[in-house]
Amino acid sequence: MGAHSIWVLEYSRSPAHPVSGVYYGAHNQGTMNLPFAYILIKTGGSVVLVDVGHDAGDFGGQIANSIGVTGWTSPDIVLGECGVRPQDVTHVILTHAHFDHIGGLKFFPKAKIYIQKKELESWMWILAKGRRFRSLQAGLNPADILYLTQANIEGRLELVEGERENLLPGIHLYPAFDTHTAGSQYVVVQNGEGDDKIVLSGDVVYTYKNLNGGDSNDPCFVPPGLANGSQARLIEAAEEMLGFVGNDERRIIPMHEERLSALYPSRVTDRELVLVEICLADGERSRV
């Protein structure tokens with residue numbers, strides 16, 4: 001028990017995802033199942049989402065279809081498994097602006113949105129460069145960037161510049177610049193006293209194999225294959241995350257990790273989606 005309740009909520013999946021997109025250099029190694037999820041945090045009187053999934057009804061849905069994503073389920077159903085409605089969400093932290101992390105913003109019209117300033121600036125630069133640079137737009141729905149403009153007009157957008165301690169008590173943001181994307185960030189949750197921390201990695205870490213190469217006895221960093229930044233920076237950011245948790249990989253939570261359900265209490269919903277319970281605040285009812 002602690003100050004925060006955290007759940008990882010699968011909302012879709014890519015059952016035949018290229019292994020090379022998840023592990024750098026893993027060419028001709030076939031496909032793997034890759035869950036698509038977002039993370040729910042209940043803390044005090046606030047309801048926080050780390051990333052928001054995508055909308056199957058817009059261009060993000062077309063991107064998802066092109067890479068074989070299936071089983072999309074709306075946020076009202078996904079969040080309902082934890083007794084939360086989309087209109088209850090007060091804060092959205094975006095780790096980066098790929099379609100499957102930002103595209104569901106329209107479902108949360110009351111939430112304040114936090115994204116790194118560098119992330120927004122980098123996508124504006126890429127979009128302005130023209131068609132020859134379109135390979136850099138992989139994973140982007142330009143309409144999601146436009147939505148941020150609307151949220152800004154409504155007073156719901158905050159551009160973060162680097163570290164942000166205590167966005168809410170015990171919830172901290174740290175930049176992972178020039179990694180998966182130019183302005184990626186990750187979240188550190190202080191769930192108790194001292195070293196009781198949990199890191200929500202975004203796509204800087206897709207799975208635990210990115211941290212240990214698949215061998216916990218002789219670990220080796222293997223960064224994600226999809227990156228607009230550098231592989232070296234991905235490894236450096238992963239090392240930073242391990243530093244927050246005393247090298248306890250289990251306390252880093254990669255939202256694309258299929259094995260989370262084997263490490264934490266979990267259940268499969270009626271929609272055949274996996275709900276993983278990372279921790280519970282004092283007085284919070286278990287959802288598994």
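## Helix α2 and its two sides

In this predicted model, the buried residues of helix α2 pack against helix α4. The residues concerned in α2 are Gly60, Gly61, Ile63 and Ala64, which are buried. Because they cover an arc of only 155 degrees around the axis, they lie on the same side of α2. The face of α2 turned away from this buried side carries Gln62, Asn65 and Ser66, which are exposed.

Strand β2, which covers residues 31-43, is mostly covered, since ten of its 13 residues are buried. Strands of a sheet pair through backbone hydrogen bonds, and they can do so either parallel or antiparallel. Strand β1, made of residues 4-18, runs antiparallel to β2 and is joined to it by twelve bridges; within this arrangement, valine 8 stands opposite isoleucine 39 in β2.

Strand β2 is also joined to strand β3, residues 46-50, by five bridges, and these two strands run antiparallel. Lysine 42 has valine 47 in β3 as its bridge partner. The hairpin of β2 and β3 has two residues between the strands, and in this hairpin glycine 44 takes a positive phi near 55 degrees.

Is histidine 91, which has a relative accessible area of 13%, buried or exposed? Histidine 91 is buried, because its value of 13% falls under the 20% relative accessible area that sets the limit for buried residues. This residue has its place in strand β4, residues 91-93.

When residues up to four places away in sequence are not counted, histidine 91 touches Ser46, Val47, Val48, Leu49, Ala111, Lys112, Tyr114 and Leu168. For one of these, tyrosine 114, the C-alpha atom is separated from that of histidine 91 by 7.8 Å, although the two residues are 23 residues apart along the chain.

Strand β8, residues 171-177, and strand β9, residues 183-190, pair in the antiparallel sense over seven bridges, and leucine 173 has valine 187 in β9 as its bridge partner.

## The largest pocket

Rolling a probe the size of a water molecule over the atoms shows where empty space is left. The largest pocket holds about 350 Å³ of space, and of the 20 residues that line it, the closest to its centre are His17, Ile67, Phe99, Gly139 and Leu226. The elements β1, β2, α2 and α4 each supply at least two residues of this lining. By class, the lining of the largest pocket divides into nine nonpolar, nine polar and two charged residues.

## Two cavities

Across the whole structure, a search finds two cavities of 30 Å³ or more. The largest cavity holds about 70 Å³ of space, and β1, α3 (75-80) and β13 (274-279) each supply at least two residues of its lining. That lining divides into six nonpolar, two polar and three charged residues, including Leu9, Glu10 and Arg271.

The second largest cavity has a volume of about 40 Å³. Helix α8, residues 231-244, gives the largest share of its lining, namely three residues. The lining of the second largest cavity has nine nonpolar residues, one polar residue and no charged residues; among the residues that line it are Phe221, Pro223 and Ile235.

Definitions and conventions:
Residues numbered from 1 in each chain as written. Predicted model: local features only at pLDDT ≥ 70, side-chain atom pairs only at ≥ 80, totals over all residues. Heavy atoms only, no water. Buried < 20%, exposed > 50% of the residue type's maximum accessible area, 1.4 Å probe, protein only. Helix = DSSP H or I, 4+ residues; strand = E, 2+ residues; numbered from the N terminus. Pairing = 2+ DSSP bridges. 1 Å grid on protein atoms, 1.4 Å probe; cavity = no way out; pocket = protein on both sides within 12 Å on 5 of 7 lines; lining within 4 Å. Points joined across faces, edges and corners; volume = space filled by probe spheres on them. Nonpolar A, V, L, I, M, F, W, Y, C, P; charged D, E, K, R; others polar. Arc of directions from axis to C-beta. Contact = heavy atoms within 4.5 Å.
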